[in-house]
Amino acid sequence: MSNQEDAPLPEGWEMRTSRSTGMTYFLNIYTKKSQWERPEAPADPGEVRCSHILVKHAESRRPSSWREETITRTKEEAMDLLKSYRKQIVTNESTFVDIATKYSDCSSAKRGGDLGMFGRGQMQQPFEEEAFKLKVGQLSKPIETESGYHIILRTM
Ligand SMILES: O=C(N[C@H](Cc1nc2ccccc2[nH]1)C(=O)O)c1cc2ccccc2s1
């Protein structure tokens, strides 16, 4: 039975000792907030940085992109296409940036799919929910928003 004190801290937390009292406290390395209680869950990053690949379809909120003036593919075709891209990436046949730059139906394609840093409340809910679940370096499964189907890579 490993002693709770020896167990590693959840991701994003560091242990500190108070200079004034000598007491141990815990620091969220992302938000710089501290707390006395030993954390049980990974620290809320507050903000994340992600890149994504978006495949739109005829029912997308805006069925148009830098690639195609009018996007007519069906939802099923879009999902199949996105899954083929994900397979190329996970088998190292292609890089994420190469696929995003060539095929993503989001204007972020020009930046290799990079969306920059964002906090909660900035992106469509299903996208945000998945993005904040990812560990840094992790590639999501396909998710759906009103824009179409995405795979998300958390980079920070
Ligand atoms: O909403 C955008 N682009 C839309 C497609 C889209 N829909 C999204 C929904 C969630 C996250 C990213 C998304 N991108 C479009 O081009 O029709 C954004 C483009 C960019 C470019 C740079 C940084 C942030 C963003 S957000």
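How far apart do the C-alpha centres of domain 1 and domain 2 lie? Colour the two domains and see: their C-alpha centres are 35 Å apart. Domain 1 covers 4–35 and domain 2 covers 47–154, with bounds from an automatic or database domain assignment.

Before zooming in, a word on the model: it is predicted, with local features needing pLDDT of at least 70, side-chain atom pairs counting only at pLDDT 80 or more, and totals for chains, interfaces and linings using all residues. Residues are numbered from 1 along each chain as its sequence is written, and side-chain values use heavy atoms, leaving out hydrogens and water.

Now look for polar contacts (pairs of N or O atoms within 3.5 Å). On Lys56, a polar side-chain atom lies 2.8 Å from a ligand oxygen atom. Ser107 uses its backbone: an N or O atom there lies 3.4 Å from an oxygen atom of the ligand. Turn to Ser147, where a polar side-chain atom is 2.8 Å from a ligand nitrogen atom. Alone, the ligand exposes 540 Å², and the protein buries 75% of that (Shrake-Rupley method, 1.4 Å probe).

Finally, show the largest pocket, where the ligand sits (more than half of its atoms lie within 2 Å of the pocket's grid points). Of the 15 lining residues, Leu54, Cys106, Gln124, Ser147 and His150 lie nearest the pocket's centre. A pocket here is an open set of points on a 1 Å grid over the protein atoms alone, where a 1.4 Å probe fits, with protein on both sides within 12 Å along at least five of seven lines; lining residues have an atom within 4 Å of a point.

Conventions:
A polar contact is a pair of N or O atoms within 3.5 Å; within protein, one must be able to donate a hydrogen and the other to accept it, and residues adjacent in sequence count only if both atoms are side-chain atoms.
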